[in-house]
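Subject: The structure we talked about

Hi,

Here is the structure I promised to pass on.

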Amino acid sequence: MFGELSPIDRAKFAAASRAADLVEDGMRVGLGTGSTAAWLIHCLGERVQEEGLQFQGVPTSRQTAALAVAAGIPLTTLDGPRWLDLTIDGADEFDRQMNLIKGGGGALLQEKIVATASERMVVIADIAKEVDTLGAFPLAVEVIPFGRAMTQALIEEILVGVDVLGREVTTRMHDGRPYRTEGGNFILDLHLGRIGNARQLALLLNQVPGLVENGLFIDICDQVVIGFGDGRVEVRDVHSGGVEIGRVEIAETGNLFID
Ligand code: 5RP
């Protein structure tokens, strides 16, 4: 069974397993979307079953909600009386400042809302997600259907004036049709290659009226838990600059979520 997991899946599992230990009784926890988040939910479900861990999860997608329910994790919403204690989510890229590109799974809007509503946001990622400069992974932006061609034109105009390598904008497709988010919106993928000033770009993009949110997460992440294929885990803290090295035992579990 262990042999069925690719090195990347083992790395994702390692990061998810270590991050699952951060959840404590009574917490309200944002649950991210994607294959690494699926491992997290698996690990949290084990803690619920085996240790009686009691917490509530706020899912960032229907897919995550279904996984959490199947794992026995009680769900709640953001409409509670207080901030979430913690959000744990994957990322498509993270840089040395722990700024992120997210949105590969199309859930960037809910993910940014939940992460921003949390006391602490922890990213779980395999080491392959680390980059010197963000931008090799296409930057997702969510746009509303109304006036979407004009919204795209405004985005293209913004890209002319910023420090990026590429400027191609494509509509994300799924099964031969434009992909729709859970909010009924479209995703445009910006193929930028390299983003010279991610903070500036994030601010500029969010000034376009039909653009709901962009996949740059700037100053949102507090910690990155990085997994390696051999079970090593590195926890980096953005505030203290501290790095903790550890190792998790990789469970003999079949793959949960094929990329
Ligand atoms: C979904 C996301 C995911 O966190 C991101 O795409 C990483 O996914 P994975 O863990 O499958 O590599 O942002 O919108």
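Let me begin with Ala 202, which sits in helix H6. Please keep in mind throughout that this is a predicted model. Ala 202 has a relative accessible area of 10%, so it counts as buried, the limit being under 20%. What does Ala 202 touch, leaving aside its neighbours within four places in sequence? Its contacts are Asn 214, Leu 216 and Ile 218. Asn 214 is 12 residues away from Ala 202 in sequence, and their C-alpha atoms are 6.7 Å apart in space.

**Helix H3**

Next, helix H3, which runs over residues 62–70. Its buried residues are Thr 64, Ala 65 and Ala 68. Viewed down the axis of H3, these buried residues fall within an arc of 100°, and therefore they line one face of the helix. Turned away from that buried side is a face with the exposed residues Arg 62 and Ala 70. And what covers the buried residues of H3? The cover includes strand S1 (28–31), helix H2 (35–51) and strand S2 (56–59). After H3 comes Gly 72, which has a positive phi, near 85°.

**Salt bridges**

As you know, side chains of opposite charge can pair when their charged atoms come close. How many salt bridges does a search of the whole structure find? It finds 15, and here are some to look up in the viewer.

- Glu 244 and Arg 18 meet through their side chains, at 2.9 Å from N to O. This pair links distant parts of the chain, with Glu 244 in strand S16 (residues 243–247) and Arg 18 in helix H1 (residues 7–20), 226 residues apart. Glu 244 is partly exposed, with a relative accessible area of 40%.
- Lys 112 forms a salt bridge with Glu 213, and their closest N and O atoms are 2.9 Å apart. Lys 112 belongs to helix H4 (residues 108–116) and Glu 213 to strand S12 (residues 211–214), so this pair ties together parts that are 101 residues apart in sequence. Are these two residues buried or exposed? Both Lys 112 and Glu 213 are buried.
- Arg 194 pairs with Asp 163, where the closest N and O atoms are 3.8 Å apart. Arg 194 lies in the loop between strand S11 (186–191) and helix H6 (198–205), while Asp 163 lies in the loop between helix H5 (148–160) and strand S8 (168–171), so the pair ties together parts that are 31 residues apart in sequence. Arg 194 is partly exposed, at a relative accessible area of 36%, and Asp 163 is partly exposed too, at 45%.

There is also a network: Arg 96, Glu 130, Asp 132, Glu 234 and Arg 236 are joined into one by salt bridges that share partners.

**The ligand**

Which of the 18 residues around it come nearest? They are Ser 35, Thr 36, Asp 92, Gly 103 and Lys 129. Ser 35 has a polar side-chain atom that lies 2.5 Å from an oxygen atom of the ligand. Backbone atoms take part as well: a polar one of Gly 104 is 3.5 Å from a ligand oxygen atom, and a backbone N or O atom of Gly 106 lies 3.4 Å from an oxygen atom of the ligand. On its own the ligand has 380 Å² of accessible area, and the protein covers 93% of that.

Best wishes

Technical notes
Residues numbered from 1 in each chain as written. Predicted model: local features only at pLDDT ≥ 70, side-chain atom pairs only at ≥ 80, totals over all residues. Heavy atoms only, no water. Buried < 20%, exposed > 50% of the residue type's maximum accessible area, 1.4 Å probe, protein only. Helix = DSSP H or I, 4+ residues; strand = E, 2+ residues; numbered from the N terminus. Arc of directions from axis to C-beta. Contact = heavy atoms within 4.5 Å. Salt bridge = Lys/Arg side-chain N within 4 Å of Asp/Glu carboxyl O. Near = heavy atom within 4 Å. Polar contact = N/O pair within 3.5 Å; in protein donor to acceptor, adjacent residues only side chain to side chain. Areas by Shrake-Rupley, 256 points an atom, 1.4 Å probe, with all protein chains shown as cover.
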